[in-house]
Amino acid sequence: MLLLAVSGLVPPLRSLPLLSRHAYSSSSGAAFPESTSEDGTVHVLHGLVSPGSLAALREAAREAMFESEGDTVDGSATYLAPLIESGRVVGRGPLTRLAQPVLEERVLPYVRERTGCGGAVVCDALVRRYLPGERLGLSAHFDVSAFATAVLPLSPPGEYAGGFYVQSEAHASSRRFVPLGEGDLCMHQYDV
């Protein structure tokens with residue numbers, strides 16, 4: 001599975017509570033509907049990226065160089081291709097060139113509209129690779145250093161098992177998968 005992950009920080013950072021209440025909202029097309037909740041909401045925008053753009057991103061990702069250093073979440077090998085780090089473009093090659101318009105013209109406007117924060121910027125963007133014999137998942141964690149996080153699966157849903165989930169308690173029984181179709185973007189803020 002290939003996954004594009006984007007996190008944005010908005011200065012100034014402030015102390016942010018971790019909440020265990022989660023709501024879910026969904027929309028179709030490019031219109032950005034009103035939020036259903038102030039806190040703990042996971043938003044899904046269906047069809048944000050076209051099948052053609054996804055295919056091009058997948059192909060470029062297959063040719064990209066993936067790092068395998070220890071992950072900040074669990075210390076295991078990361079298998080990630082960094083595109084943007086701390087607001088600076090660090091990726092080179094077709095993957096970064098193809099991802100930049102998706103980030104700037106599709107993802108960032110949606111995040112700004114949904115969060116009501118016109119000053120949101122992309123701080124980090126990366127592509128993660130999950131394959132048998134490498135990494136199969138990422139343990140539960142909070143994206144507490146990001147104002148908002150957006151996740152865009154590059155692989156079609158039928159090519160992998162599992163996917164993006166939210167978990168409101170320490171026990172895995174509270175885990176709820178967020179259904180994502182091809183081209184769907186999932187966005188949440190720091191309180192999920």
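Student: What share of the 192 residues in the protein chain is buried?
Tutor: Buried residues account for 45% of the 192. Keep in mind that this is a predicted model.

Student: How much accessible surface does the chain have, and what share belongs to carbon and sulfur?
Tutor: The accessible surface of the protein chain is about 9800 Å². Carbon and sulfur atoms hold 54% of that surface.

Student: How many helices and strands are there?
Tutor: The chain has 2 helices and 10 strands.

Student: In what order do they run?
Tutor: Starting at the N terminus, the order is β-β-β-α-β-β-α-β-β-β-β-β.

Student: What share of the contacts joins residues at least 24 apart?
Tutor: Take the contacts between residues at least 6 apart in sequence: 71% of them join residues at least 24 apart.

Student: Where is Leu45, and is Leu45 buried or exposed?
Tutor: Leu45 sits in strand β3, which covers residues 41–46. Its relative accessibility is 0%, so Leu45 counts as buried.

Student: New topic. How many salt bridges does the structure hold?
Tutor: There are 3 salt bridges. One of them pairs Glu182 with Arg58, with 3.6 Å between the closest N and O atoms. That pair links distant parts of the chain, 124 residues apart: Glu182 is in the loop between β9 (175–177) and β10 (185–189), and Arg58 is in helix α1 (residues 51–63).

Student: What does Arg62 pair with?
Tutor: The side chain of Arg62 meets that of Glu59 in a salt bridge, at 3.8 Å from N to O. Both residues lie in helix α1, 3 residues apart, which is about one turn of the helix. Glu59 counts as partly exposed, with 43% relative accessibility.

Student: And what is the salt-bridge partner of Arg129?
Tutor: Arg129 pairs with Glu134, and their closest N and O atoms are 2.9 Å apart. Glu134 is partly exposed, at 31% relative accessibility.

Student: Which ring does Arg129 lie over?
Tutor: Arg129 lies over the face of Phe66, at 4.5 Å from the ring centre.

Student: How many aromatic pairs are counted?
Tutor: The count is 0 aromatic pairs.

Student: Let's move to Thr78. Where is it?
Tutor: Thr78 is in the loop between α1 and β4 (80–85). Thr78 is buried, because its relative accessible area is 3% and the limit for buried is under 20%.

Student: What does the side chain of Thr78 reach?
Tutor: The Thr78 side chain reaches the backbone oxygen of Glu67 at 3.0 Å. Setting aside residues up to four places away in sequence, Thr78 touches several others, including Ser68, Asp71, Arg128 and Arg135.

Student: Where does Glu67 lie, and what is its relative accessible area?
Tutor: Glu67 lies in the loop between α1 and β4. Its relative accessible area is 29%, so Glu67 is partly exposed.

Student: Which residues is Glu67 in contact with, leaving aside neighbours within four places?
Tutor: Glu67 is in contact with Thr78, Tyr79, Leu80 and Pro82. The C-alpha atoms of Glu67 and Leu80 are 5.3 Å apart in space, while the two residues are 13 apart in sequence.

Student: What is phi for Tyr79?
Tutor: Tyr79 has a positive phi of about 50°, although Tyr79 is not a glycine.

Student: Why point that out?
Tutor: Because most residues other than glycine have a negative phi.

Student: Where is Tyr79, and is it buried or exposed?
Tutor: Tyr79 is in the loop between α1 and β4, and with 17% relative accessibility Tyr79 counts as buried.

Student: What about phi of Ser86?
Tutor: Phi of Ser86 is also positive, near 50°. Ser86 is in the loop between β4 and β5 (88–89). Ser86 is exposed, with a relative accessible area of 66%, whereas Tyr79 counts as buried.

Key:
Residues are numbered from 1 along each chain as its sequence is written. This is a predicted model: local features need pLDDT of at least 70, side-chain atom pairs count only at pLDDT 80 or more; totals for chains, interfaces and linings use all residues. Side-chain values use heavy atoms; hydrogens and water are left out. Helices (H or I, at least four residues) and strands (E, at least two) are DSSP runs, numbered from the N terminus. Buried means under 20% relative accessible area, exposed over 50%, partly exposed in between (1.4 Å probe, protein chains only). Contact means heavy atoms within 4.5 Å. Accessible areas come from the Shrake-Rupley method with a 1.4 Å probe; for residues, only the protein chains shown count as cover. A salt bridge is a side-chain nitrogen of Lys or Arg within 4 Å of a carboxyl oxygen of Asp or Glu. A polar contact is a pair of N or O atoms within 3.5 Å; within protein, one must be able to donate a hydrogen and the other to accept it, and residues adjacent in sequence count only if both atoms are side-chain atoms. Rings of Phe, Tyr and Trp (its six-membered ring) pair if their centres lie within 6.5 Å; planes under 30 degrees apart count as stacked, over 60 as edge-to-face and the rest as tilted. A charge sits over a ring if NZ of Lys or CZ of Arg is within 6 Å of the ring centre and within 35 degrees of the ring normal.
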